[in-house]
Amino acid sequence: MVSRRGRGRRPSASGPGAAAGPPVFASSSGGGDGLGRFRNQSVDWAACDDPSLAASGTQCARIRVPLDYGTPEGRTIEVALSRLKSSDPAKRRGILQTNPGGPGVRGLGMPRDLRKVMSPGVAAAYDIIGMDTRGLGRSTPVDCGLTRGTWLHAPGAGRAGFDRSVRLSRTDARRCWDKHPDVLPHLSTRNIARDADIVRSVLGERRTSLFGQSYGTVLGSTYAQMFPHRVDRLVLDSAPDPAEYPLRMVQRAGPANEKALDDFAAWAAQRHRAYGLGTTPAAVRTGVEAMIEGAAQKPIRVGGHRITDHELPLLLLVSVGDDTVNAEFAGMLRVLRDAADGKPVTVPPGLRGSLNLIFDSAGTDRAADYAAQLGVYCADADMPHNREYYWRVVERSRESQPVFGPVTHAPLPCAFWKEKPREPLTTIDNTVPALQVQATGDTRTTYESGLRMHRAMRASKLVTVPVRAHTVYAYYPNSCVNRTVNTYLLNGTLPARDTVCDA
């Protein structure tokens, strides 16, 4: 799902690259599954060609993996890796593979982001490994030439808008299948987990530790289910119910975002003098809903764009999920309200970034990453194909989810995918020890969903954080969470019981 990436707090959606040349295969020995030549290939690390990553000391490389693990002697693709080496090799215990989420978020910058919040002991204990997963970024990409950066599109109040949402999703599916019919079936989470195990082997490690946030928890738990004996330490930050990923996970975001809007409204009502959004929580919410209804009749002109009731709910969705940016969100609403009244406004950077995501994604990295996201979702799970199903769930959502229900219940392009998944999703049910972090106000992977991941990972310990946030350890300041995660990564010590960190 789309997440707010303001103020450098979230992983970048555009990724750096590797300056190294093509990988060199070593001997083909090892195992009887035909993967020996992949497990034993050499890796040529070099400074990343992204200047900011190079400045952080991050190195980049590429390796090769089978496109289809069922026929490893066939076509191969590249997977781009990054590495921040241990700060003290004498204290190094192994590697920590990472995934920033999405799917469709580039991962080469994740080691740098994690290093910033690690204790010195943890920074010394691990080489931190990032990856652009197959199909994404600097790995062999599946840029489909899409004209938008997300499938999320508010249908608006009537059937005509819903039919437009259907056409947009159908067009995205067709464009991808027209361009990459040979690659799309192989972009599943199970294959990404297999790639991660090739990375482990290539780097000469008997076991690997993993840190996954958001979608990365689906990947981390899948790896633990498929390769339990290869897991050293595992951190799952902001997890969905693995049995509900991806469609039901997206639909559950509707009620969660409505609650987040109510929480924000209570905050804003206490600051009416500063923002003028309403003196009571009900007045703030009524103002938001009235602005959406007004945009259907008279589009709001901001930053050279016309914002209608199809775009405005998405602007709200990408902004409401983090309580540390309440002031920024309130300022954005004030700008939109003034613009709706015909007043001159100055567009703040956060709003401009969201507008670019919605209106100016064609030909950008964001559109390419969106294609990779679709590749994973649609290779993982078959979704209902009957457009009337989506019309019914959209209509049912309106009463209790008037702002966000139609956005989160409209059809994904997977509804029009040409091929069903070649493998079923992995059922998560194991006793691999893990540390899970979950925010009670998460609008992307809800707390209730996270509890079901906790039950599926039966040896996990849960750290609950009573805040409105998605992805906590790396991007939401909380000393209790950071201390607990760092202690586990350093010493392997899980809390004795599930625990709650103060906000």
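Visitor: How much space lies in the second largest cavity?

Guide: In this predicted model, the second largest cavity holds about 110 Å³ of space. The search of the whole structure, which kept cavities of 30 Å³ or more, finds seven.

Visitor: What makes a residue part of the lining of this cavity?

Guide: A lining residue has an atom within 4 Å of a cavity point. The second largest cavity has 13 such residues, and the closest to its centre are Gln97, Thr98, Asn99, Leu210 and Leu219. At least two lining residues come from each of β4, α6 (189–202), β6 and α7.

Visitor: How many residues of that lining are nonpolar, polar and charged?

Guide: The lining divides into six nonpolar residues, seven polar ones and no charged ones.

Visitor: Why is serine 214 called buried?

Guide: Buried means under 20% relative accessible area. Serine 214 has 11%, and is therefore buried. Serine 214 is placed in the loop between β6 (208–213) and α7 (215–226).

Visitor: What is noted about the phi of serine 214?

Guide: Serine 214 is not a glycine, yet its phi is positive, about 60°. Most residues other than glycine have a negative phi. Threonine 471 also has a positive phi, of about 70°, without being a glycine. Threonine 471 is in the loop between β11 (460–465) and α18 (479–491), and its relative accessibility of 4% makes it count as buried.

Visitor: What makes the peptide bond from glycine 102 to proline 103 stand out?

Guide: That bond is cis, with omega near -5°. Most peptide bonds are trans. Proline 103 lies in the loop between β4 (94–99) and α3 (110–117). Tyrosine 245 and proline 246 are likewise joined by a cis peptide bond, with omega about -5°; proline 246 is in the loop between β7 (231–237) and α8 (247–269).

Visitor: How do you know that the span of helix α10 is close to the expected one?

Guide: Helix α10, residues 281–297, has 17 residues, for which 24 Å is expected at 1.5 Å a residue. From its first C-alpha to its last, α10 reaches 25 Å, close to that value.

Visitor: Why are the buried residues of α10 said to line one face?

Guide: The buried residues are Val284, Arg285, Gly287, Val288, Met291, Ile292 and Ala295. Seen down the axis of α10, they fall within an arc of 155°, so they line one face of the helix. The face turned away from this buried side carries the exposed residues Ala282, Thr286, Glu293 and Gln297. The buried residues of α10 pack against α8, β8, β9, α11 and α12.

Visitor: Which residues of helix α13 are buried, and why are they said to share a side?

Guide: In α13, residues 349–359, the buried residues are Gly350, Leu351, Ser354, Leu355, Leu357 and Ile358. They cover an arc of only 155° around the axis, which puts them on the same side of α13. Their packing partners are β8 (300–302), β9 (305–307), α11 (312–317), α12 (326–340) and α14 (365–380).

Visitor: How do you know that aspartate 442 is buried?

Guide: The cut-off is under 20%, and aspartate 442 has 2% relative accessibility, so it counts as buried. Aspartate 442 is found in the loop between β10 (434–439) and α17 (447–456).

Visitor: What is aspartate 442 in contact with?

Guide: Leaving aside neighbours within four places in sequence, aspartate 442 is in contact with Ser238, Ala256, Val467, Ala469 and His470. Aspartate 442 and aspartate 322 are 120 residues apart in sequence, while their C-alpha atoms are 8.3 Å apart in space.

Key. Residues numbered from 1 in each chain as written. Predicted model: local features only at pLDDT ≥ 70, side-chain atom pairs only at ≥ 80, totals over all residues. Heavy atoms only, no water. Buried < 20%, exposed > 50% of the residue type's maximum accessible area, 1.4 Å probe, protein only. Helix = DSSP H or I, 4+ residues; strand = E, 2+ residues; numbered from the N terminus. Arc of directions from axis to C-beta. Contact = heavy atoms within 4.5 Å. 1 Å grid on protein atoms, 1.4 Å probe; cavity = no way out; pocket = protein on both sides within 12 Å on 5 of 7 lines; lining within 4 Å. Points joined across faces, edges and corners; volume = space filled by probe spheres on them. Nonpolar A, V, L, I, M, F, W, Y, C, P; charged D, E, K, R; others polar. Expected span 1.5 Å × (residues − 1).
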